[in-house]
Amino acid sequence: MSAPVTVTHTHGEKVVVSHGGADLMTYVYRPDPEPFESRKPYVHPLRTLSGRLVTGYRPSDHRWHKGLQMTASHLSGQNFWGGNSYVPGEGYVALPDRIGWMRHDGFDAVHVAEDRLTMRERLTWIENGGAHWARERRTLTVHSVEPAEGSWALDWSIHLTNTRAEPLRFGSPTTAGRQAAGYTGLHWRGPRDLTGGDVMGPDGHGGAGEAGAADMMGRAAPWLAFTGEHDGVDAHSTLVFAHAPENEAAVGPSHWFVRSEPTPTVAFSWAFFEEFTLPPGAAFSYRYRIVVADGALDRRRIESHLRSW
């Protein structure tokens, strides 16, 4: 049976979800002030039930990596990811006039039941010049807090509508010519002590360290797991990233972007190999699940969790 959660809402800033003595998730919806990092809401810190930190924030290698965020690295010439932009023939270039942001417009609901939190949020995607390009409805649900299993789950859904008079073109560095760099979409950055973690997928794919990440890079699969060992304590944590069954019907199959070294990172990439276009007035939806667990979960336990939920 799921255990109760408590919620603390600092209005205008953040929502913190806790269980026992651990703050499981902090959703910061007042964007950080630095425009070059693409101002947008993020989840950090993200923790296991025992309080192990499983997100990184503004690491020295990529200051625009902030926990768990919705991103779009290449969107009609703009960068809603943050930091340097990949330009064909030039590599990564600082183009501050091409960095957009996501504005929090309000919550339609922040509903707390005994064992579940649901937040429904409205956002606007704004390009660097101030034009409104897209309207988003976002839903975050914390549920399945299971102390006996040492795990809990976060569901993240997005419904995005093009509000321009022109199509929106979604891509990635790989669609622009850089190999094995198809990052875009919902993105997790892990803390530095999870560097070198193991990556696992269904059907025997994945493995130890960067070799496991390389095996899952660009692969279309319903789920991916990342397990790492923490500094300072004798403990592992596992994050399981899973697609909802209906996602493939949204705009086509998604592919995993994952690295174990030098940066622990996973993205549900919706434009890894190919761009897709969203016509004016059209919308798409995706729904994802992230299971946050203490310990090193094996494939059997992961698949059992996903079936039961």
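**Entry 1, Pro88.** I looked up Pro88 and noted it as exposed, because its relative accessibility is 53% (buried means under 20% relative accessible area, exposed over 50%, and partly exposed in between, with a 1.4 Å probe and protein chains only). Pro88 sits in the loop that runs between strand S7 (85-87) and strand S8 (91-93), where strands are DSSP runs of E with at least two residues, helices are runs of H or I with at least four, and both are numbered from the N terminus. I also checked Pro88 against Leu278, which is 190 residues away along the chain, and found 23 Å between their C-alpha atoms.

I am working with a predicted model, in which local features need pLDDT of at least 70 and side-chain atom pairs count only at pLDDT 80 or more, while totals for chains, interfaces and linings use all residues. Residues are numbered from 1 along each chain as its sequence is written, and side-chain values use heavy atoms, with hydrogens and water left out.

I traced an open sheet of 9 strands in the order S9-S10-S11-S12-S22-S18-S17-S15-S16, with antiparallel pairing; two strands pair if DSSP finds at least two bridges between them. S9 and strand S16 (206-207) are the edges, and each has a single partner strand, so one side of each is left without a neighbour in the sheet. S9 and S10 run antiparallel and are joined by 11 bridges, with Trp101 having Ile126 of S10 as its bridge partner, and a hairpin of 2 residues connects S9 to S10. Further along, 10 bridges pair S10 with strand S11 (residues 132-146) in the antiparallel sense, and there I found Leu117 opposite Val142 in S11. I then noted that helix H3 (residues 299-308) packs on the sheet, touching strand S12 (151-162), strand S15 (198-200), strand S17 (223-229) and strand S18 (236-243), and that its direction makes about 130 degrees with that of S17 (contact means heavy atoms within 4.5 Å; axes are lines fitted to C-alpha atoms, for helices over the stretch in contact, and angles run from 0 to 180 degrees between N-to-C directions).

Asp115 lies in the loop between strand S9 (101-113) and strand S10 (116-126), and I recorded it as partly exposed because its relative accessibility is 28%. From Asp115 to Val5 the C-alpha distance is 5.5 Å, although the two are 110 residues apart in sequence.

I found an open sheet in the order S6-S13-S21, made of 3 strands with antiparallel pairing. Its edges are strand S6 (74-75) and strand S21 (276-278), each pairing on one side only. Between S6 and strand S13 (residues 168-171) I noted 2 bridges, and His74 stands opposite Gly171 in S13.

**Entry 6, rings.** Rings of Phe, Tyr and Trp (its six-membered ring) pair if their centres lie within 6.5 Å, with planes under 30 degrees apart counted as stacked, over 60 as edge-to-face and the rest as tilted; this gives 23 aromatic pairs. Phe36 is partly exposed at 22% relative accessible area, whereas Trp64 is buried at 14%. The rings of Trp256 and Phe268 have centres 4.8 Å apart and planes at 50 degrees, so that pair is tilted, and both residues are buried. I also looked for charges over rings (NZ of Lys or CZ of Arg within 6 Å of the ring centre and within 35 degrees of the ring normal): Arg39 lies over the face of Trp101 at 4.5 Å from the ring centre, and Arg164 over that of Trp133 at 4.1 Å.

A nonpolar core is a set of buried Ala, Val, Leu, Ile, Met, Phe, Trp, Tyr and Cys residues joined through side-chain atoms within 4.5 Å. The largest has 58 residues, and Trp156 is among those with the most contacts inside it. A second, separate core of 10 residues includes Ala153, Met200, Leu297 and Ile302.
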